Amino acid sequence: MKDDIWSRDEIESPCVKICVVHPESRLCTGCLRTIDEIGAWSRMSPEARSAVMAELPSRAGQLTKRRGGRAARLLR
């Protein structure tokens, strides 16, 4: 069921509710935004949001899969 009362005429957030910041890239592993972008999202202009949204697909390559847990991180 669609709720027309809460629909807005603005760019939706790319948030997928997997809010984990990658320790090296400093990007959210769910939506690929930076912490600054996440914090400023509600205050951004539609143009600024569009610019961020357009850039998100190219950020996926910046995330490296973590392997080995804590022991592997301590060896770095």
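The structure is a predicted model, in which local features need pLDDT of at least 70 and side-chain atom pairs count only at pLDDT 80 or more, whereas totals for chains, interfaces and linings use all residues. Residues are numbered from 1 along each chain as its sequence is written, and side-chain values use heavy atoms, with hydrogens and water left out. The protein chain holds three helices and zero strands, where helices (H or I, at least four residues) and strands (E, at least two) are DSSP runs numbered from the N terminus.

**Fold and confidence**

- Read along the sequence, the protein chain follows the pattern α-α-α.
- The mean pLDDT of the protein chain is 83, and 74% of its residues reach 70 or more; pLDDT is the predictor's confidence in each residue, from 0 to 100.
- Among the elements of the protein chain, helix 2 has the highest mean pLDDT, at 94, while helix 3 (residues 69-74) has the lowest, at 68.
- Of the contacts in the protein chain between residues at least 6 apart in sequence, 46% join residues at least 24 apart, a contact being heavy atoms within 4.5 Å.

**Buried residues and the nonpolar core**

- Of the 76 residues of the protein chain, 20% count as buried; buried means under 20% relative accessible area, exposed means over 50%, and partly exposed lies in between (1.4 Å probe, protein chains only).
- The largest nonpolar core has five residues in all, namely Leu32, Trp41, Met44, Val52 and Leu56; such a core is a set of buried Ala, Val, Leu, Ile, Met, Phe, Trp, Tyr and Cys residues joined through side-chain atoms within 4.5 Å.
- In soluble globular proteins, nonpolar side chains tend to be buried together.
- Pro14, which is found in the segment before helix 1, is buried, with a relative accessible area of 15%.
- Not counting residues up to four places away in sequence, Pro14 touches Cys31, Arg33, Trp41, Met53 and Leu56.
- Although Pro14 and Leu56 are 42 residues apart in sequence, they are 9.0 Å apart in space, C-alpha to C-alpha.

**Salt bridges**

- The count comes to two salt bridges, a salt bridge being a side-chain nitrogen of Lys or Arg within 4 Å of a carboxyl oxygen of Asp or Glu.
- Arg59 forms a salt bridge with Glu37, and the closest N and O atoms of this pair are 2.6 Å apart.
- Because Arg59 lies in helix 2 (residues 46-59) and Glu37 lies in helix 1, this pair ties together parts that are 22 residues apart in sequence.
- Both partners count as buried, Arg59 at 5% relative accessibility and Glu37 at 13%.
- Glu55 also forms a salt bridge with Arg59, with the closest N and O atoms 3.1 Å apart.
- Glu55 and Arg59 both lie in helix 2, four residues apart, which is about one turn of the helix, and Glu55 is partly exposed, with a relative accessible area of 40%.
- Through salt bridges that share partners, Glu37, Glu55 and Arg59 are joined into one network.

**Surface**

- The protein chain exposes about 6100 Å², of which carbon and sulfur atoms supply 56%; accessible areas come from the Shrake-Rupley method with a 1.4 Å probe, and for residues only the protein chains shown count as cover.
- Val16, Ile18 and Val20 make a nonpolar surface patch of about 250 Å²; patches are made of residues with over 30% relative accessible area and no salt bridge, with like charges joined within 9 Å and nonpolar side chains (Val, Leu, Ile, Met, Phe, Trp, Tyr) within 5 Å.
- Val20, in the segment before helix 1 (35-40), is partly exposed, with a relative accessible area of 44%.
- Ser42, found in the loop between helix 1 and helix 2, counts as exposed at 60% relative accessibility.
- Ser42 and Ser13 are 29 residues apart in sequence and 9.0 Å apart in space, C-alpha to C-alpha.

**Backbone angles**

- Phi of Lys17 is near 60 degrees, a positive value in a residue other than glycine; Lys17 has its place in the segment before helix 1 and counts as exposed at 75% relative accessibility.
- Arg26, found in the segment before helix 1, has a phi near 60 degrees, which is a positive value in a residue other than glycine.
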